[in-house]
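This briefing goes through one protein chain by topic. Please look over the sequence and the model before reading the points below.

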Amino acid sequence: GGARRLQRGSDPAVAAELFCEQLTCCARWEEVVRGMLRDGVGEFVECGPMQQLRGMMRRIDEGAHAEMLSVDHVVKNERERAR
């Protein structure tokens with residue numbers, strides 16, 4: 001089945017169930033990212049070194065990849081395009 005979405009105002013028990021599923025089931029990164037793009041998310045921030053998420057984003061959506069900000073590329077509170 002597809003990913004289940006947690007709606008605003010959901011019962012905390014539902015949230016706990018979904019969080020447990022996230023910890024015990026396979027990651028569905030591509031499915032989640034594509035859903036976020038469909039929902040209008042326009043910017044992604046990678047927190048941490050090595051830019052692993054940037055590589056995955058490149059394979060999922062080139063436009064989203066181009067808009068990604070990697071925290072290790074922030075200098076003096078100014079956005080620096082990742083190389």
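A residue is called buried when its relative accessible area is under 20%, exposed when it is over 50%, and partly exposed in between. E31, with 34% relative accessibility, therefore counts as partly exposed. The structure is a predicted model, and the terms above are used throughout the points that follow.

**Overall make-up**

- The chain has 83 residues, and buried residues make up 20% of them.
- Its secondary structure consists of 4 helices and 4 strands.
- In sequence order these elements follow the pattern α-α-β-α-α-β-β-β.
- The accessible surface of the chain is about 6,400 Å², and carbon and sulfur atoms account for 55% of that area.
- Of the contacts between residues at least 6 apart in sequence, 44% join residues that are at least 24 apart.

- The largest nonpolar core has 6 residues in all: V33, F44, M57, I60, A64 and M68.
- Helix α3 spans residues 52-60, and its buried residues are R54, G55, M57 and I60.
- Which residues does A64 contact, leaving aside its neighbours within four places in sequence? They are L37, F44 and M57.

- G42 sits in the loop that runs between α2 (29-38) and β1 (45-46).
- Is G42 buried or exposed? G42 counts as exposed, because its relative accessibility is 51% and the cut-off for exposed is over 50%.
- G42 and A64 are separated by 22 residues in sequence, while their C-alpha atoms are 6.9 Å apart in space.
- D61 is located in the loop between α3 and α4.
- The relative accessible area of D61 is 28%, so D61 is partly exposed.
- From D61 to L37 the separation is 24 residues in sequence and 8.9 Å in space, C-alpha to C-alpha.

**Salt bridges**

- How many salt bridges does a search of the whole structure find? The search finds 2.
- One of them joins E31 and R28, with 3.0 Å between the closest N and O atoms.
- R28 has a relative accessibility of 35% and therefore counts as partly exposed, and E31 is partly exposed at 34%.
- E30 forms a salt bridge with R34, and here the closest N and O atoms are 3.0 Å apart.
- Both E30 and R34 belong to helix α2, where they are 4 residues apart, about one turn of the helix.
- E30 is partly exposed because its relative accessibility is 42%, and R34 is partly exposed because its value is 33%.

**Cysteines**

- A disulfide is a covalent bond between the sulfur atoms of two cysteines.
- The cut-off applied to a pair of cysteine sulfur atoms is within 2.5 Å, and by this rule the count is 0 disulfides.
- C25 takes part in no disulfide, and the nearest cysteine sulfur to its own, that of C26, lies 7.2 Å away.
- C25 has a relative accessible area of 44%, so C25 is partly exposed.
- C26 is exposed, because its relative accessible area is 70%.

**Nonpolar surface patch**

- L6, V14 and F19 form a nonpolar patch on the surface.
- Together these three residues have about 250 Å² of accessible area.
- V14 is part of helix α1, which covers residues 12-24.
- The relative accessible area of V14 is 32%, so V14 is partly exposed. That value also meets the patch cut-off, because patches are made of residues with over 30% relative accessible area.

Methods
Residues are numbered from 1 along each chain as its sequence is written. This is a predicted model: local features need pLDDT of at least 70, side-chain atom pairs count only at pLDDT 80 or more; totals for chains, interfaces and linings use all residues. Side-chain values use heavy atoms; hydrogens and water are left out. Patches are made of residues with over 30% relative accessible area and no salt bridge: like charges are joined within 9 Å, nonpolar side chains (Val, Leu, Ile, Met, Phe, Trp, Tyr) within 5 Å. Accessible areas come from the Shrake-Rupley method with a 1.4 Å probe; for residues, only the protein chains shown count as cover. A salt bridge is a side-chain nitrogen of Lys or Arg within 4 Å of a carboxyl oxygen of Asp or Glu. Helices (H or I, at least four residues) and strands (E, at least two) are DSSP runs, numbered from the N terminus. Buried means under 20% relative accessible area, exposed over 50%, partly exposed in between (1.4 Å probe, protein chains only). Contact means heavy atoms within 4.5 Å. A nonpolar core is a set of buried Ala, Val, Leu, Ile, Met, Phe, Trp, Tyr and Cys residues joined through side-chain atoms within 4.5 Å.
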